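Good morning, colleagues. Please look at the sequence and the structure on the screen, and I shall then take you through its packing.

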Amino acid sequence: MKRFKMIGLLCSVVLIGMLSTVALGQAAPGGGGNGGGNGGGGGGGRGNFDPAQMRQRMEDRLKQQMNATDDEWKVIQPKLDVVLEKQRDAGGGMFGMMGGRGGRGGRGGGQGGPGGDAAGGAAPADNTPQTPTAQAAKALRDTLADTNASADDIKAKLQAFRDAKAKAKEELAAAQKDLQSVLTQRQEAVLVVNGLLD
């Protein structure tokens, strides 16, 4: 059962990272949200992929599995979004550099939900990681890329990354507890099976 939950957790982190990557690609100059004549050979196949729609389908599936009413979902969804964001950050910053915004970037403007400016060009144009864990991971990677970096510098960057990751795990646990507090027993079990709760 523990292995199953770990697989579910990994799938959630991979999905969030993939959504962030695609969202960033669509927001970049020349990315072409419509995928029309500018698609060319570079990213033509991805022009029709809408990360906001994928995110919406995932949440719709969870809502159905949880048998949540519309009123219940209004309370659950924002807390679930926080868990997804903290879950990605606690994953070690693997995908933190792939999206310029936080975990809500994938929700997109077309859905009219929180963070709906992702498709409207409000997202940063650069690849600057926004979460502390992602920033610490980037700093460590940059240091490792420098063949002249001292052992002390590497040690300091490594410790900063570990500290950021530990804090992210604490924040994830708090977010999961907050989400769990508004769930029925069935809803909690569904999210455990899907790797979103322990």
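Which residues does Leu191 touch, not counting residues up to four places away in sequence? They are Leu62, Met66, Leu179, Leu183, Leu196 and Leu197, where a contact means heavy atoms within 4.5 Å.

A word on the source: this is a predicted model, in which local features need pLDDT of at least 70 and side-chain atom pairs count only at pLDDT 80 or more, while totals for chains, interfaces and linings use all residues. Residues are numbered from 1 along each chain as its sequence is written, and side-chain values use heavy atoms, with hydrogens and water left out.

Leu191 is also, with Met66 and Leu179, among the residues with the most contacts inside the largest nonpolar core, which has 20 residues. Such a core is a set of buried Ala, Val, Leu, Ile, Met, Phe, Trp, Tyr and Cys residues joined through side-chain atoms within 4.5 Å; buried means under 20% relative accessible area, with a 1.4 Å probe and protein chains only. At least two residues of this core come from each of helices H2 (51-66), H3 (70-90), H5 (151-180) and H6 (185-193), helices being DSSP runs of H or I with at least four residues, numbered from the N terminus. H3 gives the most, six residues. A second, separate core of five residues includes Ala136, Leu140, Phe161 and Ala164.

Let us turn to H2 and H6. Leu62, Gln65 and Met66 in H2 meet Arg186, Gln187, Val190 and Leu191 in H6.

Thank you for your attention.

Terms used
Buried < 20%, exposed > 50% of the residue type's maximum accessible area, 1.4 Å probe, protein only.
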